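Subject: Handover of a structure and the findings from it

Dear colleague,

Please find below the structure that I am passing on to you. I would be grateful if you kept it open while reading the notes that come after it.

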Amino acid sequence: MAAIQPGKCHLQRSVIQMESKQSAVVKNPCLQDSHDEVVDEKVLQDIAPEIASERKKVARNLGFKAHEIDIIEADHDGAGKGGITETAYQMLIKWKSSKGGQATIGTLSNALEKAGLKNVAEKVKSNIR
């Protein structure tokens, strides 16, 4: 058997027993669901201008409460504070930092689609490495 090299994807063979029948199942960890991948901050920066006008809908779809949205708006929207694009970006960054490993491409793209931003959701999905 060949040695497994760190950082490389390898097929794994498992034997599953179901009702006294055995079958071999081959799993490829390289093919995990790409929607489970954590969103990169560069993607958030790229989509912020495109979601700015619908940022509150996106925020609610990502699980923000009304008072949390109000705080982000007060901190970043307005004269000399960056405007709605910066507000949208900061909201996305706050979501990513609060969710950690759960701030996934799938979660974000679902929130965008629910807000009527299907084209932006597709852009997020296409940025998968």
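Predicted model: local features only at pLDDT ≥ 70, side-chain atom pairs only at ≥ 80, totals over all residues.

Overall arrangement. The chain contains six helices and two strands. Followed along the sequence, these elements are arranged in the pattern β-β-α-α-α-α-α-α. The chain has 129 residues, of which 29% count as buried. Taking the contacts between residues at least 6 apart in sequence, 56% join residues at least 24 apart.

Helices H1 and H4. Two packed helices are described by the angle between their axes and the distance between the axes. Here, the axes of H1 (41-51) and H4 (83-99) come within 8 Å of each other and cross at roughly 140°. The crossing of the two helices is right-handed. On the H1 side, the residues that meet H4 are Glu41, Leu44, Gln45, Ile47, Ala48, Pro49 and Ile51. Their partners in H4 are Thr85, Ala88, Tyr89, Met91, Leu92, Ile93 and Lys96. Sorted by class, this contact is made up of 10 nonpolar, two polar and two charged residues.

Helix H5. Helix H5 covers residues 105-114, and its buried residues are Ile105, Gly106, Leu108, Ser109, Ala111 and Leu112. These buried residues pack against four helices, namely H1, H2 (55-61), H4 and H6 (118-126). Just after H5, Gly116 takes a positive phi of about 85°.

The nonpolar core. In soluble globular proteins, nonpolar side chains tend to be buried together. Which residues touch the most other members of the largest nonpolar core? Of its 29 residues, they are Ile51, Leu62, Met91, Leu108 and Leu112. The elements that give two or more residues to this core are H1, H2, H3 (66-76), H4, H5 and H6. The largest share, six residues, comes from H4.

Leaving aside its neighbours within four places in sequence, Met91 is in contact with Ile51, Arg55, Val58, Ala59, Leu62, Phe64 and Ile72.

With kind regards

Methods: Residues numbered from 1 in each chain as written. Heavy atoms only, no water. Buried < 20%, exposed > 50% of the residue type's maximum accessible area, 1.4 Å probe, protein only. Contact = heavy atoms within 4.5 Å. Axes fitted to C-alpha atoms, helices over the stretch in contact; angles between N-to-C directions. Left-handed = near helix turned anticlockwise from the far one by under 90°. Nonpolar A, V, L, I, M, F, W, Y, C, P; charged D, E, K, R; others polar. Core = buried A, V, L, I, M, F, W, Y, C linked by side-chain atoms within 4.5 Å.
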